[in-house]
Amino acid sequence: MPALHSELPALLSKIDALIEADKYKEVAETFAAFVKEHPTTSYLAAEPVPFKLNVRFSKKHGSSATTTFTLRHTTWASDVTAALQEGPDAFAALVAKYEADLVEIAKTVKKVA
């Protein structure tokens, strides 16, 4: 029996690179193409995306702003996953909205020393 391996690590590495480059529409396009080819992986492919966005948001806007955003938008991770499933335009629009919210929050929060 041949050894089976998951193609998810390669997908997640590509998603990491796209998120780091702020290419959010491409994230959703990559996700959609992968899930089309591997339909049973939808959950496993989508589940890490909010965490990966959280890391990016923290780097860009600071952990205080990201924490404040999370406290104000307690369902944001679920909303991101739903938008990812909906399609590239929905995902990119939602992330852009969240980025705008984070920019505003970052202006008002105190920086952690």
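**Figure 1. Overview of the predicted model.** Of the 113 residues in the chain, 38% are buried, where buried means under 20% relative accessible area, exposed means over 50% and partly exposed lies in between (1.4 Å probe, protein chains only). The model is predicted, with local features requiring pLDDT of at least 70 and side-chain atom pairs counting only at pLDDT 80 or more, whereas totals for chains, interfaces and linings use all residues. Residues are numbered from 1 along each chain as its sequence is written, and side-chain values use heavy atoms, with hydrogens and water left out. Taken along the principal axes, the C-alpha atoms fill a box of roughly 55 × 30 × 25 Å. Among contacts between residues at least 6 apart in sequence, 71% join residues at least 24 apart, a contact being defined by heavy atoms within 4.5 Å.

**Figure 2. Helix H7 and its buried side.** Helix H7 comprises the 21 residues 88–108, which at 1.5 Å a residue should span 30 Å, and its end C-alpha atoms lie 31 Å apart, in agreement with that expectation; the expected span is 1.5 Å times one less than the number of residues. Buried in H7 are Phe91, Leu94, Val95, Tyr98, Glu99, Leu102, Ile105 and Ala106. These residues cover an arc of only 145° around the axis, which puts them on the same side of H7, the arc being that of the directions from the helix axis to the C-beta atoms. On the other side of H7, Asp89, Lys107 and Thr108 are exposed. The buried residues of H7 pack against helix H2 (24–37), helix H4 (49–61), helix H5 (63–72) and helix H6 (76–86). Ala93, also in H7, is partly exposed, with a relative accessible area of 45%, and its C-alpha atom is 21 Å from that of Gly62, a residue 31 places away in sequence.

**Figure 3. The packing of H4 against H7.** The two helices H4 and H7 pack at an angle of about 35°, with their axes 11 Å apart; axes are lines fitted to C-alpha atoms, for helices over the stretch in contact, and angles run from 0 to 180 degrees between N-to-C directions. The crossing of H4 and H7 is right-handed, a term for a near helix turned clockwise from the far one by less than a right angle, anticlockwise being left-handed. On the H4 side the contact is made by Val49, Leu53, Phe57, Lys60 and His61, and on the H7 side by Phe91, Val95, Tyr98, Glu99, Leu102, Val103 and Ala106. The residues of this contact divide into nine nonpolar, one polar and two charged, where Ala, Val, Leu, Ile, Met, Phe, Trp, Tyr, Cys and Pro count as nonpolar, Asp, Glu, Lys and Arg as charged, and the others, Gly among them, as polar. Phe51 also lies in H4, but this residue is exposed, with a relative accessible area of 58%. The C-alpha atoms of Phe51 and Glu37, 14 residues apart in sequence, are 24 Å apart in space.

**Figure 4. Phe69 and the buried residues of H5.** Ser64, Ala65, Thr66 and Phe69 are the buried residues of H5, and they pack against H4, H6 and H7. Phe69 has a relative accessible area of 0%. Leaving aside neighbours within four places in sequence, Phe69 is in contact with Trp76, Tyr98, Asp101, Leu102 and Ile105. The C-alpha atoms of Phe69 and Ala106 are separated by 9.3 Å, although the two residues are 37 residues apart along the chain.

**Figure 5. Ser42 in helix H3.** Ser42 is found in helix H3 (residues 42–46) and is buried, with a relative accessible area of 15%. Not counting residues up to four places away in sequence, Ser42 touches Phe31, Val35 and Gln85.

**Figure 6. Asp22 in the loop between H1 and H2.** Asp22 is found in the loop between helix H1 (8–20) and H2, and at 31% relative accessibility this residue counts as partly exposed. Its phi is near 60°, a positive value in a residue other than glycine. Most residues other than glycine have a negative phi.

Methods:
Helices (H or I, at least four residues) and strands (E, at least two) are DSSP runs, numbered from the N terminus.
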